[in-house]
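Trainee: I have just opened this structure and would like to learn how to read it. Could we go through it feature by feature?

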Amino acid sequence: MPGPPRLSTSPSCPYIRMPWGLGPLLWKTAVILSLLLSSTALSPTSGQTKIPLEMVKLWADTFGGDLYDTVTKYSGSLLLQKKYKDVEPSLRIQEVDGLELVRKFSEDMETMLHRKVEAVKVLQNLVEATEEADLNHEFNKSLVFDYYNSVLINERDANGKYVELGAEFVLKSNAHFSNLMVNTSLSSVQLPTNVYNKDPDILNGVYMSETLNPVFVENFQRDPTLTWQYFGSSTGFFRIYPGIKWTPDENGVITFDCRNRGWYIQAATSPKDIVIVLDTSGSMKGLRMTIAKHTISTILDTLGENDFVNIIATHQEKGESSRTPRQDQQILVLLPQQLFLVLPAPIQYNDYIHYVEPCFKGILVQAHRDNREHFKQLVDDLMVKGVGVVDQALREAFQILKQFQEARQGSLCNQAIMLISDGAVEDYEAVFEEYNWPDCKVRVFTYLIGREVTFADRMKWIACNNKGYYTQISTLADTQENVMKYLHVLSRPMVINHDHDIIWTEAYMDSKLFTSHAQSLMLLTTVSMPVFSKKNETRSHGILLGVVGSDISLRELMKLAPRYKLGVHGYAFLNTNNGYILSHPDLRPLYREGKKLKPKPNYNSVDLSEVEWEDRTETLRTAMINGETGSLSMDVKVPLDKGKRVLFLTNDYFFTDISDTPFSLGVVLSQGHGEYILLGNTSVEEGLHDLLHPDLTLASDWIYCITDIDPDHQKLSQLEAMVHFLTGQDTDLECDEELVREVLFDAVVTAPMEAYWTALALNSSEDYQHVADTAFLGTRAGLLRSSLFVGSEKISNKKFLTPEDKASIFTMDHFPLWYRQAAEQPAGSFVFNLHSAEEPEGPGEPVVVTASTAVAVTVDKKTAIAAVVGIQIRLDFLHHLFWAATQQCSAGDGLCPQSCQDSDLDCFVIDNNGFILISGRPQEIGRFLGEVDGALMTQLLSTGVFSQVTLYDYQAMCKPPNHHHSAAWPLVSPISALLTVTRWLVNELLLFLLQWSTWDSWCTPSGAEAKAVFHHSHKHQKQDMLQPCHTKYTVFVHQRAVQEANGTIECGACQKVFVMHQIPNSNLLLLVTDPTCDCSIFPQVLQETTEVKYNASLKCDRMRSQKLRQRPDSCHAFHQEENAQDCGGASETSASCPSLLLPLCAWLLPPQLLQ
């Protein structure tokens, strides 16, 4: 017998010599292969345990028979099958027409969205009322006016009196608004912390917009399906209906600014291509660079998925050649979110131009959230050096914009350059003559950083001669307001034309909107429209007053594609003109950080190809982006049970567009039973009788009747509403009559199950009360029946079939897990799944096993699933049944020579995905077999008993690279440590001085803004523990064709014998092995999740790639009547003494401390 493998340094032993250069992964693979090659069916050595094949088969058949008898008895599956057989003559099976279905859903969604547009055209009332109010209102600089401030309402001072702007405001819980406390008679006004609530512009705007209150109320009364209506002002205030109390964040700051919301920006401006040119010369050091970085971050916040952007930094170092980048200029770029991994190549510098992201050299990239956040992190790492050379950067920017325009790429609408500098040493007239004059197709916006005004005239001249706008930003507090001015310029052509374009946004969760409310976890889309000034004297200035909008819950929209029409594995989804998912059952927008659920950074820029990733040629995506109507088929792998299991399905995809929106709709039906629906007939009287049984419930997420609009209906459950509808108690109720008929039929056919389960519970002896906890069944109509065999206090898994265990109930997104698994199990066979007790820190000890089977009906050679029925078996009973079965012997053998309870045998019962349900060692139950016995799992894989399936997750969250997880920091030099501490102290000093400046009476509001800015900055700079990434993971699946197997595993000095046999009528396998042979030399086989790593070249190609998209229909780039001379001037700022000290502090400290 060969001995264990040994490492050798001899060149003649290449197969056992570890190739260290290839790494431990390949070495592990080599070990496995070498061991498998020697693991042939060798004869067991003398004294080695023999495992008779007939004995194992007997055990498997005996246990399988006993188990089948138990589960059929307690579930009543045979009775339910008989009941459907009895009514078979009255049944018919209808084939679902997928194209007809997707067209019907699309029309229903179009109708609903059209109502919302009408509401915004009833929001046209809102628009016209706002414009009329502005037309008739004269600005009053000394206006004194009290309004309902959303933050201050119902607040009292120390004396018990209402604070200023905080009068009594009646709030009541409202189910239509997610049970939030609201006032449906009035709106309230919110302002971000950086906007002074008594500024004359604010007071005049709020006063003018008071006329919107009756229009809000009238709209809501006319269409009770409306949700939030609002007006976002260009001055920064936000009027929202119904009125609501606003909650600051943990720092006491309101960071929500309506002007940074996608619905505002997209309605206020047309799509745009922007190149940001940043002067990073030495004169920009200290506070100036801090302000410049924040300016870029603020500009990026004004961009959306229909915009394109790049950032160029410019400086020149004396004596440096562009062909020989210095070694100390090499940095490591950390890519956030789904931009995958670290870029190992050094950043490329030349004499003049430095692309902040070298991979984006010479192109524009889509300004979706991923890229915006990526740019922000890279800008944070910029350092100042050398002297400023802006002209070459401007030339590069113009060339990029021209090339994209000529290639019909980018937005094909507005184009602009943002020049950020502390001064222009020349006016760059030659550059503009060559690239931009006389047409000025590219606007140039200039931002003068700092208080120095020496170069102000040149910076203003550049903007005014290129249809742009000039502003000076001297403090962090100035940034937000000054950046927003460029949006007013871009909105001028649209305003002058009075084009009220209707805008639909991508999916979003405005967690900043309602900080402490459940609303923040809802995916929304917004329909919005701009509001203009009608005053003739300001026509050429194109003054944008703001944007009106209304929210639409995507959950409500998807209710128009009811689950019962789609079947057990079917679903519907929506995507946008950019290919991003609007709604999809597999979209996971949240992740858990500690005990909190938080939105993922890229939750609304998840591409369709990243969810339907089996569509590798992107055929489906291309067709949907192009707004086509059609269908295609695709083999897919569907993960289940948190990625532990997988189904292999062939899906038919049907798709079409939704007219007058940028959205496309897809419907998926699984081939086979998924494309058939069972229909039966019953009387209302009979159905009502059986519908009122106490064991019956309906899917709470499904819409059987509309109950969320009429206040009298909101208190009704779906079952109560259906009863009211059927008995005629409420003629105003609207119900889905087709679904109601299905429920009535299912209720009648399944009604005998209640009596059967009750009798079983009453007649069972005390011993049998420990067999099962619960019996249950579910139908395609979302009907659920359940019955307890034990008292509720004795249930092993109390969350089962409750909203706390969403995997076990019907939801809008999925059928229950036990239903989905049973639907793909062979007819008459049960699928068993182990459940663990849920602990606060994760899954606890395994406690119960769910067994379920599908009841199928065949009519005219068409088969449909009528229901799924099952029980929850107690784990201890399952073990008792198994150990009893393995003591059986064939006739005439007398006493069994061997048993699974013997010390020389290891027996496992595993499911078809390799998870252990029964073992002689309790600590192994619930674990994956490869984790417990790597040798055995390796052999099962190599012999084809199991196959290994690789799945991908393009919505994963990973720990960023180079993150120090332990408390021990890497060793640093004392000087480096001192600089780090000093930098921290400087940052704290700057924050202290900026907040101290609020004492100065000259700039009361700007102190609050500085505080908000710093809180936002600190929040941004705090690296999240997790970042978006791509991962792959392995699932193991038993091959049904292999029902038995046996062999030996060569483990060095001994051989391990094993026998496997399928347990009949189940998804379970019996494994019997010899525990006396130590096979620990085999590594574990694990269900590991690993991050997908892309090499630098491939990663850059993915980042640069421009996926197919459809541009918005409207574009307003220029208007001949616009006043180009309204191009800005020096901002009126005042400084307190502490603020004036900041540049001095920056000058005295080493530059690297402030960069």
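Mentor: Gladly, and let's begin with burial: a residue is buried under 20% relative accessible area, exposed over 50%, and partly exposed in between, using a 1.4 Å probe and protein chains only. This is a predicted model, in which local features need pLDDT of at least 70 and side-chain atom pairs count only at pLDDT 80 or more, while totals for chains, interfaces and linings use all residues. Residues are numbered from 1 along each chain as its sequence is written, and side-chain values use heavy atoms, with hydrogens and water left out.

Trainee: Which residue forms a salt bridge with Arg288?

Mentor: The partner of Arg288 is Asp422, and their closest N and O atoms are 2.9 Å apart. This pair links distant parts of the chain, 134 residues apart: Arg288 belongs to helix H8 (residues 287-301), and Asp422 to the loop between strand S12 (414-421) and helix H11 (429-435). Helices (H or I, at least four residues) and strands (E, at least two) are DSSP runs, numbered from the N terminus. Arg288 is partly exposed at 27% relative accessible area, whereas Asp422 is buried at 7%.

Trainee: Where do Glu614 and Lys637 lie?

Mentor: Their side chains meet in a salt bridge of 3.4 Å, N to O. Glu614 is in the loop between helix H15 (608-611) and helix H16 (619-625), and Lys637 is in strand S22 (residues 630-640), so the bridge ties together parts 23 residues apart in sequence. Glu614 is buried, with a relative accessible area of 17%, and Lys637 is partly exposed, with 24%. Salt bridges can also share partners, as in the network that joins Asp641, Lys644, Arg645 and Asp911.

Trainee: What about a charged residue without a salt bridge, such as Asp551?

Mentor: For charge, Lys and Arg count as positive and Asp and Glu as negative; His and the chain ends are not counted. Asp551 sits in strand S17 (residues 544-553). Asp551 is buried, and the nearest side chain of opposite charge, Arg261, is 11 Å away. The side chain of Asp551 does have a polar contact of 3.0 Å with that of Tyr508. Such a contact is a pair of N or O atoms within 3.5 Å; within protein, one must be able to donate a hydrogen and the other to accept it, and residues adjacent in sequence count only if both atoms are side-chain atoms. Contact in the wider sense means heavy atoms within 4.5 Å. Leaving aside neighbours within four places in sequence, Asp551 has contacts that include Thr227, Trp228, Tyr230 and Leu524.

Trainee: What is the strand order in the sheet that contains S17?

Mentor: Two strands pair if DSSP finds at least two bridges between them. Six strands make this open sheet, in the order S4-S6-S5-S17-S16-S15, with antiparallel pairing. Strand S4 (188-190) and strand S15 (503-504) are at the edges with a single partner strand each, so one side of each has no neighbour in the sheet. S15 joins strand S16 (residues 524-532) through two bridges, and Trp504 stands opposite Val527 in S16.

Trainee: Is strand S38 enclosed or open to the outside?

Mentor: Six of the six residues of S38 (residues 1068-1073) are buried, so this strand is largely enclosed by the rest of the structure. Leu1068, Leu1070 and Val1072 point one way, and Leu1069, Leu1071 and Thr1073 the other. S37 and S38 form a hairpin with five residues between them, and Asn1065 in the turn has a positive phi of about 55°.

Trainee: Which residues touch the most other members of the largest nonpolar core?

Mentor: In soluble globular proteins, nonpolar side chains tend to be buried together. A nonpolar core here is a set of buried Ala, Val, Leu, Ile, Met, Phe, Trp, Tyr and Cys residues joined through side-chain atoms within 4.5 Å. The largest has 102 residues, and Tyr147 and Tyr653 touch the most other members. Helix H4 (residues 98-136) gives this core its largest share, nine residues.

Terms used: Salt bridge = Lys/Arg side-chain N within 4 Å of Asp/Glu carboxyl O.
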